[in-house]
Each structure stands twice: as C-alpha cells, then as structure tokens.
Amino acid sequence: MSLLDGRIAIVTGAGSGLGREHALALAAHGATVVVNDLDEAGAAETVKAITAAGGHADAFIGSVSDWDRAGAMVQHAIETHGDLHILVNNAGFTRDAMSFSMTEEQFDQVVNVHLKGHFAPMHHTVTYWRNQAKAGDEQARRIINTTSESGLFGGAGQTNYGAAKGGIITMSIAIARETQKYGVTVNVIAPRARTGITAEAHWAQPPEDPAEFDRFHPGNASPLVVWLASDDAAHVNGQTFIVGSGVVVRMKRHSAIGEIRKDGRWTPEELTARADELLAGWDPGVPAFEAPQF
Ligand SMILES: NC(=O)c1ccc[n+]([C@@H]2O[C@H](COP(=O)([O-])OP(=O)(O)OC[C@H]3O[C@@H](n4cnc5c(N)ncnc54)[C@H](O)[C@@H]3O)[C@@H](O)[C@H]2O)c1
C-alpha cells in the first residue's frame, strides 16, 4: 500500500523542472496524475516517464491563468479519473527587471501566471470539493501551492514576481480558513532548485563529483509535496516551508515584533520620540528580513 494509492492529483507546470519531479513523486507513491503544462512536448515527456515507471498519468494542455481552461482541467480530472484529491499549483515563469525599468507587460504577465494561475485552479477545485463535502463525501483534499523566497523576503529586480508570490501565501491562508471545514488543507512551498529558471545561478550548479548529494536537484523538494498531500499531514494547514538542499524550514510570517500603545491618537512627534522602542532589534541596513542560509 502506497501513501497516495487511489488519489487523483493535478500538477500544474509539470512539463519540466519542479513540477515534473512532483508529478513523478506523486505517481511513484500511487497517485494518478494529470500533468498540466502549456508545453505539449514537456507534458508528454513527463507522462511517458511516469508510465514507464509503472504509474498512471495523462496530460492536460492549457494555461493555468485561463479561467475556463483551469475549470476544464479540474473537470477533466473528475470526468476522466473519477475524482480530484490533490492540487499542486506550480506553473509559472519570471520576467525580472528593476521596478524603474519594468514594463507593464512584464508586470501583468508575471502576476497573471502566478497569482491568477494559482487562484483559477483553486477556485474551480474548492467549488467542487465544497459541493462534495456538502453531499457527505468526507475524503481528504489537499492543495500545495508554490511561492518563492522572493515572495517572503522581496528580491530586488522581482517586484512583479515577489508581489505575486507573496500574494500566493496570503491567498493560501485565506483559502485554508475558508475550506478547513470541508477537509481541505492548503500549504505552500518555497523551493530552491536547479531548473530552467535558475540554470545559470552559481548556487544551483550540480556537484563536480556525481557521487555527492546534488543539493539543488528539483526532486529534493518533491517528498515534501508528497507528505503534504498524504494523510500523514492531515493536521498541517496554512503553513509555508522553504525546501531544498536537504533542508526544510517552516516559516513564521507577519507576526508582531515591536509595539507601542497609548489610549489615544499618536502625534508624529510622539512617534519620533518612541521610534527606538518600536524598531528595537531591527538592523536599519536591511529593509526587511534575511533568508535562511543553506
Ligand atoms: N527553481 C527555483 O529555485 C524556484 C525557486 C522559487 C520558486 N520557484 C517556483 O517553482 C515553480 C516551478 O518553476 P521551475 O523552477 O520548475 O521552472 P520551470 O521553467 O522548469 O517550470 C515551469 C513550468 O511551468 C510551465 N508554465 C509556464 N506558464 C504556464 C501556464 N500559463 N500554464 C501552464 N503551465 C505553464 C512551463 O512550461 C514549465 O514547464 C514556479 O512557480 C517557480 O516560480 C522555483
């Protein structure tokens, strides 16, 4: 008996990179996987690899940010495979530029593929799950979304991507609150991996000695996706994890860190007088918080 036997999963952007690895891992643990991508050849390659390993998968080509196509993808899983239990939102791309150089198109494309491209599949999925739950179907349902450290810490040159990825975390928490009573969990991963997006990055290069642990192989993130999709993680909800290089970090986000109070409205002068107290512990050289080192 495998961890995900009998489960039906959709993985978006599963034609390459992290999405392909998630699809392979979910299938290896018994799930039937709908492999979504825009790229037909990539999706076919993933389906072929799953089938060759004895798993079950088919492809669904379409853009995650196309509202109707996202609905058709969910419908495809239900009609072709009989149900839908796991949605892994992963598809996306970057269009980096400093904010002063960024075009409207670069901003719109990235917000569209990540933020709407997460929301559209989730909207159609949770609509179905809510109806199922109301009809007495109490099966476990799982959403695993994909953010980035850019969405957590705000990377320079990625205002479009960081905003969309930050929005994905907030949206996930909101949907987790809305759907908890229907047996749904919604968690978020921020992977660090060598893929098409990061192929040039110095930190992402494979080890010189192939016998060494390949720290940034995209498959290193996939066991976390399998675990979050399984019954073993039924109690895990609304959480964000950074994952890669043998490290899994659970993030605490947006919690109070400094506070001053009075029984009335503050004046700017009073705020100046109490600013040291409000900002205690903050290094003024760093605009926000630093990413964990690994
Ligand atoms: N690689 C990293 O280190 C890293 C870090 C943080 C976050 N991420 C995120 O991980 C996810 C996967 O990225 P990756 O690194 O594997 O890159 P990738 O380019 O290898 O994979 C992305 C896939 O999404 C597909 N895609 C793009 N637009 C689509 C659309 N509209 N509809 C359907 N599919 C679409 C692409 O064809 C591609 O196959 C992305 O959300 C990315 O932002 C990656």
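Predicted model: local features only at pLDDT ≥ 70, side-chain atom pairs only at ≥ 80, totals over all residues.
View 1. Let's start with the neighbours: 29 residues surround the ligand. The closest of them are Leu18, Asp37, Asn90, Tyr161 and Thr195. Sort the shell by class and you get eleven nonpolar, 15 polar and three charged residues.

**View 2. Polar atoms facing the ligand.** Zoom in on Asn90, where a polar backbone atom sits 2.7 Å from an oxygen atom of the ligand. Ala193 also uses its backbone: one of its N or O atoms is 2.9 Å from a ligand oxygen. With Ser63 it's the side chain instead, which places a polar atom 3.0 Å from a nitrogen atom of the ligand. Taken on its own, the ligand has 820 Å² of accessible area, and the protein covers 90% of that.

View 3. The ligand takes up the space of the largest pocket. Which elements give two or more residues to the shell around the ligand? They are helix 1 (17–28), strand 2 (32–37), helix 4 (104–134) and helix 6 (159–179).

**View 4. A pair of aromatic rings.** The count of aromatic pairs comes to two, and one of them is Trp67 with Phe119. Their ring centres are 5.9 Å apart and the planes meet at 40°, so this pair counts as tilted. Trp67 belongs to helix 3 (residues 67–81) and Phe119 to helix 4.

Key
Residues numbered from 1 in each chain as written. Heavy atoms only, no water. Near = heavy atom within 4 Å. Polar contact = N/O pair within 3.5 Å; in protein donor to acceptor, adjacent residues only side chain to side chain. Areas by Shrake-Rupley, 256 points an atom, 1.4 Å probe, with all protein chains shown as cover. 1 Å grid on protein atoms, 1.4 Å probe; cavity = no way out; pocket = protein on both sides within 12 Å on 5 of 7 lines; lining within 4 Å. Sits in = over half its atoms within 2 Å of the grid points. Helix = DSSP H or I, 4+ residues; strand = E, 2+ residues; numbered from the N terminus. Nonpolar A, V, L, I, M, F, W, Y, C, P; charged D, E, K, R; others polar. Phe/Tyr/Trp six-rings, centres within 6.5 Å; stacked < 30°, edge-to-face > 60°.
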